Amino acid sequence: MRVAVVGAGWAGLSAAVHATRAGHQVALLEAAHEAGGRARGLTLRDANGRALRVDNGQHILIGAYRETLALLECIGVDTRQALLRQPLSLGFADGSGLQTPHWHPSLTKLATLAGIVTAPGWSLSDKWSLLRTLHRWQASGFRCAADTSVLQLCGALSPRVMQTLMDPLCVAALNTPAAEASAQVFLRVLQDALFGGPGAADLLLPRTDLDQLLVQPALQWLRQQGADLRLGTRVLGVHWKRGWRVRHQSASHGAEYVCDAVLWATSSTVAARQLPSGGDHVPADTRQAIQTWAEQCNQLQHESIATVYVQAGADARLTQPMLALHCDAQSPAQFVFDRGQLGGTPGLLAFVVSASRVPRETLRVQVLRQAALQLAPMLGATALQHLQTVVEKRATFACTPGLQRPPMEIAPGLLACGDYVAGPYPATLEGAVRSGLAAALALKNTGNQHAHR
């Protein structure tokens, strides 16, 4: 079939690759001149004018992200070189927090247990509360009532375990505070990580920017397979007339792309605005289906993610490539990444503020103060220099209890893919990749529908 993929973020790239692998003729249309969406590389400059390659948001993967790892391997990325694999660790600068030992991947469960038992700063009561709670979750099949929040789910945990483990895990996985986050989605991520097989709980930290990790390899692979790549092409809407017609406008001209199916992979906000614009060309029942779907998109609430890039001295080095940070109203960052240990500029630090809700300038001041207080022994005598604060205002949807996410199928031959589409995962790279895969696989049913028209 002729397939149009609208949007070249991670969901769109996944959809395009999997549809191409299935033998379809794919056109990938993206409004921006660069692909990657909300997980892409960007360039900033230090005080001396030197270009530094970073990301629009610091991302991590875990070993349980099977489809993301499979996609990377498919497009020729050596994941052993591109990703730094380390055991699940949420260590803090003061040495506290969960520190899982470096054991063989086949011993993941035992290593996690050892990390809990030996966790510095935790009392026996703290450790027992976590072990007992994990056992109860496993016995329940990692299921709970749909309206349960993560805070309610963790009611039996000690305050120390909640503050130094579950709160950071929740905000890292769901980008939603524990009091507002869906316990059922949180349990699904924990289940896949803790019981997903050898190495599933490992942290995978990109050793390069996200463009080089997935975006450019995916585009190169698609070109080699003969896909039609149209970056800088703004899609205006779709309508049906003896096939789906994607109305678009490039720098040189406007046109229509006629195809058998459309995989819509933009953000939910863009999709809700553009898809209902088909007008009278779309049959009434299809138009109503699109409108209903768009209304579900409009009901989603969103959370932002801020990444504050700070340059310390070239000799500054964190004890680990990624550290958790003690955070409160005046210390907003939950994690810090040492880009120098991940193939980047020595001394370049990326502070992540998930579910950020304060102004950009306030973030800058608070993060610099937080860094000076919590990381002082590692940073040396060089003054910290703020380089840039990158804020993705609609980075993720708010993953709240009982949330009804829009379905994948919008209308026959019109499918949505994106991390916000109904599925078991929150707004993560894995959620986006899985959604693109699911939409590409669903094209078989679309072909059957065309055959019976």
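## Close-up views of a predicted model

**View 1. Helix H1 passes helix H2 in a left-handed crossing.** Welcome to the first view, and a word on the ground rules. This is a predicted model, in which local features need pLDDT of at least 70 and side-chain atom pairs count only at pLDDT 80 or more, while totals for chains, interfaces and linings use all residues. Residues are numbered from 1 along each chain as its sequence is written, and side-chain values use heavy atoms, with hydrogens and water left out. Helices (H or I, at least four residues) and strands (E, at least two) are DSSP runs, numbered from the N terminus. A crossing is called left-handed if the near helix is turned anticlockwise from the far one by less than a right angle, and right-handed if clockwise. H1 covers residues 10-21 and H2 covers residues 66-74; the two pack at an angle of about 60°, with their axes 11 Å apart. Axes are lines fitted to C-alpha atoms, for helices over the stretch in contact, and angles run from 0 to 180 degrees between N-to-C directions. H1 and H2 are therefore oblique to each other (under 35 degrees counts as roughly parallel, over 145 as roughly antiparallel, 65 to 115 as roughly perpendicular and the rest as oblique). On the H1 side, Trp10, Ser14, Val17, His18 and Arg21 make the contact, and on the H2 side Thr68, Leu71 and Cys74 do. Contact here means heavy atoms within 4.5 Å.

**View 2. H1 also packs against helix H9 (residues 210-224).** The angle between H1 and H9 is about 35°, and their axes are 10 Å apart. This crossing is left-handed as well. H1 brings Trp10, Leu13, Ala16, Val17, Thr20 and Arg21 to the contact, and the H9 residues there include Leu210, Leu214, Ala218 and Leu222.

**View 3. Three strands, S5, S9 and S6, form an open sheet in that order.** The pairing in this sheet is antiparallel; two strands pair if DSSP finds at least two bridges between them. Strand S5 (61-62) and strand S6 (83-86) stand at the edges, each with a single partner strand, so one side of each has no neighbour in the sheet. S6 and strand S9 (residues 203-206) are joined over 4 bridges, and Gln86 stands opposite Leu203 in S9.

**View 4. Five strands make an open sheet with antiparallel pairing, in the order S16-S17-S18-S15-S19.** At its edges are strand S16 (322-324) and strand S19 (385-397), each of which pairs on one side only. From one strand to the next, the twist averages 20°. Strand S17 (residues 335-338) and strand S18 (residues 348-354) pair in the antiparallel sense over 4 bridges, and the bridge partner of Phe335 in S18 is Val352.

**View 5. Phe142 and Arg242 both have a positive phi without being glycines.** Most residues other than glycine have a negative phi. Phe142, with a phi of about 55°, lies in the loop between helix H5 (124-139) and helix H6 (150-153). At 3% relative accessibility, Phe142 counts as buried (buried means under 20% relative accessible area, exposed over 50%, partly exposed in between, with a 1.4 Å probe and protein chains only). Arg242, with a phi near 55°, sits in the loop between strand S11 (234-240) and strand S12 (244-249). Arg242 is exposed, with a relative accessible area of 69%.

**View 6. Ser182 and Thr108 are two buried residues.** Ser182 lies in the loop between H7 and helix H8 (183-195) and has a relative accessible area of 5%. Leaving out residues up to four places away in sequence, Ser182 touches Thr148, Val150, Leu174, Cys399, Thr400 and Pro401. Thr108, found in helix H4 (residues 108-117), has a relative accessible area of 10%.

**View 7. Helix H14 is mostly covered, with 10 of its 13 residues buried.** Among the buried residues are Leu429, Val433, Leu437 and Ala440. At 1.5 Å a residue, the 13 residues of H14 (residues 429-441) should span 18 Å, and the end C-alpha atoms are 19 Å apart, which agrees. The expected span is 1.5 Å times one less than the number of residues.
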